[in-house]
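Opening my notebook on this one. I want the overall layout, the helix packing and the pockets.

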Amino acid sequence: MSDILRLPDELGRELRDRRKALRMSKLALARRAGKVRTVVDRLEAGHDVTVSSLFAVLGALGLVLRVERAGLPTAEEVARRFADDDEAS
């Protein structure tokens, strides 16, 4: 799992990877979180959900959120982000 997530789609990829590592379907995760599958779909796609839904899904995946002071991204982070965009095209 990446240490620093700056964008919703990065969070979505991390959540999807964690879910798959746990061999859990989207429906199973949604049920464990007490949410509908649409919430998991939206999170993994990097779309908006409520904060309470985010915390429910994080908890169901055995994850927590840590908030830190943001600095500017490193050159490596910027390069990696643009490389990800190029690969998605």
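**Ground rules.** I'm working on a predicted model, where local features need pLDDT of at least 70, side-chain atom pairs count only at pLDDT 80 or more, and totals for chains, interfaces and linings use all residues. Residues are numbered from 1 along each chain as its sequence is written, and side-chain values use heavy atoms, with hydrogens and water left out.

**Layout.** I counted five helices and zero strands in the protein chain; helices are DSSP runs of H or I with at least four residues, strands are E runs with at least two, and both are numbered from the N terminus. The order from the N terminus is α-α-α-α-α. Along its principal axes, the C-alpha trace spans about 40 × 30 × 20 Å.

**α2 against α3.** I looked at α2 (residues 26–33) and α3 (residues 37–44): their axes come within 8 Å and cross at roughly 110°. Axes here are lines fitted to C-alpha atoms, for helices over the stretch in contact, with angles from 0 to 180 degrees between N-to-C directions. The two helices are therefore roughly perpendicular, a label that covers 65 to 115 degrees. Lys26, Leu27, Leu29 and Ala30 of α2 meet Arg37, Val40, Asp41 and Glu44 of α3, contact meaning heavy atoms within 4.5 Å. By class I get four nonpolar, no polar and four charged residues; Ala, Val, Leu, Ile, Met, Phe, Trp, Tyr, Cys and Pro count as nonpolar, Asp, Glu, Lys and Arg as charged, and the others, Gly among them, as polar.

**α2 against α4.** Next I checked α2 with α4, which pack at about 110° with axes 8 Å apart. This pair is therefore roughly perpendicular too. Leu29, Arg32 and Ala33 of α2 touch Ala56, Val57 and Ala60 of α4. That contact has five nonpolar, no polar and one charged residue.

The largest pocket has a volume of about 880 Å³. A pocket is an open set of points on a 1 Å grid where a 1.4 Å probe fits, with protein on both sides within 12 Å along at least five of seven lines; lining residues have an atom within 4 Å of a point. The volume is the space filled by probe spheres set on the points, which are joined across faces, edges and corners. Which of the 30 lining residues are closest to the centre? I found Asp3, Ile4, Leu5, Leu65 and Arg66. α1 (8–21) and α4 (51–60) are the elements giving two or more lining residues, and α1 gives the most, with five. The lining divides into 17 nonpolar, six polar and seven charged residues.

Conventions:
Angles under 35 degrees count as roughly parallel, over 145 as roughly antiparallel, 65 to 115 as roughly perpendicular and the rest as oblique.
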